[in-house]
Amino acid sequence: MVSPKSFIAFVVLAASVCFQLVFAQPVITVGDLMDKGGKVLSKDEAVQLVSGAKISGTQMGTNTSFENTYNADGTIKGRAHRAGDPWREMSGHWSVTSAGRFVQRLQSSTGSFTAYSVFIQVENAYYMAENDARATVVNLREISR
């Protein structure tokens, strides 16, 4: 016979697993995108994409949402927040290296950081990844003008 405590623990565990399966975002990698005809953008392509664009999405490796405007003069203005927290203003500078690496130097009231990434295009969708290794996780980006 199963004790009531063991049964309750089992039900809670099962519910937790079901919740994670239903609400978890699928993990997409650089390799997945390349297998679908994806292309890592060159320096010129990345500059053309970013310059003057508003880009939003989730910061890589976090649950932080952001909305940034990347001005043609290399400056960034935007905001970011974690679920349940207020939006915080961000500012900084962006550039693209000769190898096509997108560099962001951002600061906010909570600190500053530098992020390096690459853009990958699949048809009309754009993704960012920390590098172009096949196993690297990517994040979808919404880009508007």
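Predicted model: local features only at pLDDT ≥ 70, side-chain atom pairs only at ≥ 80, totals over all residues.

Trainee: Which residue does Glu-67 form a salt bridge with?

Mentor: Arg-79, with the closest N and O atoms 3.0 Å apart. A salt bridge here is a side-chain nitrogen of Lys or Arg within 4 Å of a carboxyl oxygen of Asp or Glu. Glu-67 lies in strand S3 and Arg-79 in strand S4 (residues 75-82), so the pair ties together parts that are 12 residues apart in sequence. Strands (E, at least two residues) and helices (H or I, at least four) are DSSP runs, numbered from the N terminus.

Trainee: And is Arg-79 buried or partly exposed?

Mentor: Arg-79 is partly exposed, at 31% relative accessible area.

Trainee: How many salt bridges does the structure hold?

Mentor: Three. In one of them, Asp-35 pairs with Arg-134, their closest N and O atoms being 2.9 Å apart. Asp-35 sits in helix H2 (residues 30-35) and Arg-134 in the loop between strands S8 (125-129) and S9 (138-144), so this pair links parts that are 99 residues apart in sequence. Asp-35 counts as exposed at 57% relative accessibility, whereas Arg-134 is partly exposed at 47%.

Trainee: What about Glu-45 and Lys-39?

Mentor: Their side chains meet in a salt bridge too, at 2.2 Å, N to O.

Trainee: Switching topic: what volume does the second largest pocket have?

Mentor: About 360 Å³. On a 1 Å grid over the protein atoms alone, a pocket is an open set of points where a 1.4 Å probe fits, with protein on both sides within 12 Å along at least five of seven lines, and lining residues have an atom within 4 Å of a point. The volume is the space filled by probe spheres set on the points, which are joined across faces, edges and corners.

Trainee: Which residues are closest to its centre?

Mentor: Of the 22 lining residues, Gln-59, Met-60, Leu-106, Phe-113 and Ala-115 are the closest. Strand S7 gives the most to the lining of this pocket, with five residues.

Conventions: Residues numbered from 1 in each chain as written. Heavy atoms only, no water. Buried < 20%, exposed > 50% of the residue type's maximum accessible area, 1.4 Å probe, protein only.
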